[in-house]
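Let's take a friendly walk through some rings and strands. Have a look at the picture, then read on.

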Amino acid sequence: LMIAAGLLLRSFGRLLDVRPGFDPSNILLARIWLPVPNNPEMDVYRDPVKRAGFTKEVLRRVAALPGVRYAAIGNGNGVPLLGPHFSGTFTIEDQGATENVRPIAKISAVSADYFRVLRTPLIRGRLFTDSDDQGQPRVALVDEAAVERYFGNQDPIGRRVKFGGRGSNAPLMTIAGVVGNIKTDGFDQPDQPHLYVPIFQNPNYAMAVYLQTDTDPLSLTKSLREQVQAVDPNLPLFGERTMEDVVAASLGQRRFALQVVGLFGVLALVLASIGIYGVMAYSVSQRTREIGIRIALGASAGVIMRWMLRQGVVLIAIGVGAGLIAAFALMRLLRSLLFEVATTDLITYVA
């Protein structure tokens, strides 16, 4: 139990050292979901231009709230560390077709200040602007993982991609910039390729609002709700939470496992210590006469102490040996909960 707790603790420490690709501090997250009636004729947001107009107006209003540095809107299934996330195939225009490599990426529609809100760096090129709407040429951004996997680490700026396979009728999009990697599936998952598109060119029904604030993010929840309902009074705002809460929740399973196993490990250590103390105390009480005789025959206090402690050390050695054997046999069951720590980590076993 102590070895399991030690492995989980070292794993959790390694996990906290991972850079998620964004800074979650002082960011408020909230959700909006445009209604989708069963009768398409009753859908007031059926027209993409209407959805884009709604998104622009909400963004304009929330960006003007006191205490807001930057505001952004993304599609609802693209929130980092909060799934599910939408993945899709895409085609690179001037790249030869191969049977083994079919580009696939996490696809997110975001507004111009999305990467400023999350403090994700622009590697090269440019970010989206508010003018990247349906009246302008289609553009896209890729992250470093996509460049490494699908562009051979060559500069993708200016190259064109489209959703779907080579026979797709989707419009071509020019890559305008490269951004840093963002961990969307979890701290322990490898970086996945991402393809970002302007939300005004690809308006969604499900949206996520991000506010980077100068004050406590949750203090702006009421103001954010009022601004959304000023645009459409029938729309609820839900899922309000800070991005720090999102990060903490993504680590919740590992933290819980660490706490539970750690608690049982400490209890086991305390019980073992009490048990050894009890056995030794009983042994000494049973041998009081023998100890007296040994002292009478000239044995010093140090000799008596070493003689008694040797028995305790033997008990401890047996217990440690059994524990090591059990740990080697059972730690493979923890493999799924470990991150960059081997199940045979020498430092943990020695400690």
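## A buried ring

Start with Phe90, which is buried because its relative accessible area is 3%, and buried means under 20%. Keep in mind that this is a predicted model.

Thr89 has Ile104 in strand 4 as its bridge partner. Strand 3 also runs antiparallel to strand 7 (residues 160-163), again with 3 bridges. Here, Thr91 is partnered with Lys162.

## Rings that meet

How many aromatic pairs turn up in the whole structure? A search finds 7.

Another edge-to-face pair is Tyr114 with Tyr210, at 5.3 Å centre to centre and 80° between the planes. Tyr114 lies in helix 3 (residues 114-118) and Tyr210 in strand 10 (residues 206-213), so this pair ties together parts 96 residues apart in sequence. Tyr114 is buried at 2% relative accessibility, and Tyr210 is buried at 1%. Tyr114 and Tyr210 also belong to one aromatic cluster with Phe115 and Tyr196.

## Charges over rings

Now for some charged side chains. The charged end of Lys50 sits over the ring of Tyr45, 5.3 Å from its centre. Over the ring of Trp307 you'll find the charged end of Arg294, 4.2 Å from the ring's centre.

How values were computed: Residues numbered from 1 in each chain as written. Predicted model: local features only at pLDDT ≥ 70, side-chain atom pairs only at ≥ 80, totals over all residues. Heavy atoms only, no water. Pairing = 2+ DSSP bridges. Helix = DSSP H or I, 4+ residues; strand = E, 2+ residues; numbered from the N terminus. Phe/Tyr/Trp six-rings, centres within 6.5 Å; stacked < 30°, edge-to-face > 60°. Buried < 20%, exposed > 50% of the residue type's maximum accessible area, 1.4 Å probe, protein only. Lys NZ or Arg CZ within 6 Å of the ring centre and 35° of its normal.
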